[in-house]
Amino acid sequence: MTALEREDIQGNVLRGYGFPFARYVFARVREAGPARRWLAAQADPVTTDAEWDAEPSPAYNVAISFAGLQALGLPAHLLHSFPEDFRDGMAARAERVGDVGAAAPANWDAGMREGEIHVLLTLAGADEAAVVGEAERLRGELGDNGLQFTVQQPAAVLPTGREHFGFSDGFGQPAIAGVARDVVAGQGVPVRRRPWHRERPGVVHSASDPRLAWRALAPGEFVLGYDDEDGGPPPAPLQPLGRNGTFMVWRKLEQDVPAWRAFLDDAAEATGLPGDAVAAKVIGRWPDGSPLVLRPDHPDDVLGNCRARVNDFSYARDAEGLLCPRGAHVRRANPRDALSGGARLTARHRMLRRGMPYGNPLPPGALPDEGGRGLVFVCLQASIERQFEIVQARWCNDGDAFGLGRAPDPVAGAWAEPPRVMFNGRPPRFSSAMSAFVTPRGGEYLFVPGIAALRALPDLASSASGSG
């Protein structure tokens, strides 16, 4: 396998930072030439994957939207070489991913609407004051370098270590061949176990199923310029932009915590299940992270905090969803071997997730405040359409692939009609969610260029834009 050029790949792509604080600083391009030069100068301070070994704090990354690349004055042949999904942008494709009604782009937050996001500067670190200070420093530089600051989104790990609905998050990250020092069971592709797997790099035997092993995914599923699961490199823009970059989906997702809690109470009464069991069956895990497939009747804090075992499961023995409901969130987001196409199908639709909560926790029984709360959802992939959009539109927004008809995942975003949630069993039990728990409030599709691509920006001006 070709070695990954880690010094040319931005950090937080191949391996998550795991820092507790972040700031997302957005800007628009006002003068193409100065903005290209300033962005190129960020190639040195931007954290690379190679530098991430030393865990620099704050870590710093740059992403650019298609509208941003246009505003930077890139030539038409380069712009047209980008995939259609990225060129369209998130707002133009809102209906296909379910961003309708209250979640429609017209209702998104100011500064996060169609065409408003050109550049995203991300800072993450262990010290909040340092992250905030660096964000302010960058903000001060923008106006003198052809860019205009628009909005800033803070995010931070909650004191509980969980997201606002009370669940541990971020378990199901894909293992990438050539990246992981040790492949963790459950984070790759499930395959039939073979004795010689123990000598094969990137493969680990399952501890929970003697018939199962896990292999890492091809790096081209996530980074441009390398072979993907089909054995060739994914479509990419022309050089010098087409290697060591990736595509980012950035979404601000507001969570309605009172509506979620009210649903749990109503569903518990309608089904006769305890409230914590209702929540677990909607998500597919208990709040501590232990999966229902392995612990269908009760949570297991030891398992939930065991990195080597918490993802070590498949759905082969639970086709009916009697352990983990077929419509559970984690089963939709990563069906593993549950769909008719098997594990190979799912492998083509994995994403790297790098999100973080925003807003203050809402104490039990408290009325919602005006500050809002939710999740900054960030995912990285080689193809926005094949990975993010298929997962969101076909698996989360539509239950047909799971034998559930049109029933959407109630925690994956907004929905046009109240979903009827099925809790598999004999007989199955049902409850309806009357209001959306999660509403998109803004976002964009972005390109995360490699370091060499950043440095090349000053030389990529079209004849019309000149040097600015």
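Which element supplies the largest share of the lining of the largest cavity? The legends below, drawn from a predicted model, begin with this cavity.

**Figure 1. The largest cavity and its lining residues.** The largest cavity has a volume of about 800 Å³. A total of 36 residues line the largest cavity, and Asp 169, His 329, Ala 333, Arg 353 and Phe 377 are those that lie nearest its centre. By class, the lining of the largest cavity consists of 19 nonpolar, 10 polar and 7 charged residues.

**Figure 2. Helices and strands that contribute to the lining of the largest cavity.** At least two lining residues come from each of four elements: strand E8 (246-255), helix H9 (329-333), strand E11 (374-381) and helix H11 (384-396). H11 supplies the largest share, with 4 residues of the lining.

**Figure 3. The second largest cavity.** The model contains 2 cavities of 30 Å³ or more. The second largest cavity has a volume of about 40 Å³. Its lining is formed by Gly 188, Val 189, Pro 190, Trp 214, Asn 334, Arg 336, Ala 343, Thr 346, Ala 347 and Arg 350. Of the lining residues of the second largest cavity, 5 are nonpolar, 3 are polar and 2 are charged. Strand E5 (189-192) and helix H10 (342-347) each provide at least two residues of this lining. The largest share, 3 residues, belongs to H10.

**Figure 4. The open sheet that includes strand E5.** Three strands form an open sheet in the order E5-E7-E6, and their pairing is antiparallel. E5 and strand E6 (203-205) are the edge strands, each of which pairs on one side only. On average, neighbouring strands of this sheet are turned by 35° against each other, direction ignored.

**Figure 5. The pairing of strands E5 and E7.** Strand E7 (residues 212-215) pairs with E5 in the antiparallel sense, and 4 bridges join the two strands. Within this view, Arg 192 stands opposite Leu 212 in E7.

Figure 6. The lining of the second largest pocket divides into 10 nonpolar, 2 polar and 6 charged residues.

Note on methods
Residues numbered from 1 in each chain as written. Predicted model: local features only at pLDDT ≥ 70, side-chain atom pairs only at ≥ 80, totals over all residues. Heavy atoms only, no water. 1 Å grid on protein atoms, 1.4 Å probe; cavity = no way out; pocket = protein on both sides within 12 Å on 5 of 7 lines; lining within 4 Å. Points joined across faces, edges and corners; volume = space filled by probe spheres on them. Nonpolar A, V, L, I, M, F, W, Y, C, P; charged D, E, K, R; others polar. Pairing = 2+ DSSP bridges. Axes fitted to C-alpha atoms, helices over the stretch in contact; angles between N-to-C directions.
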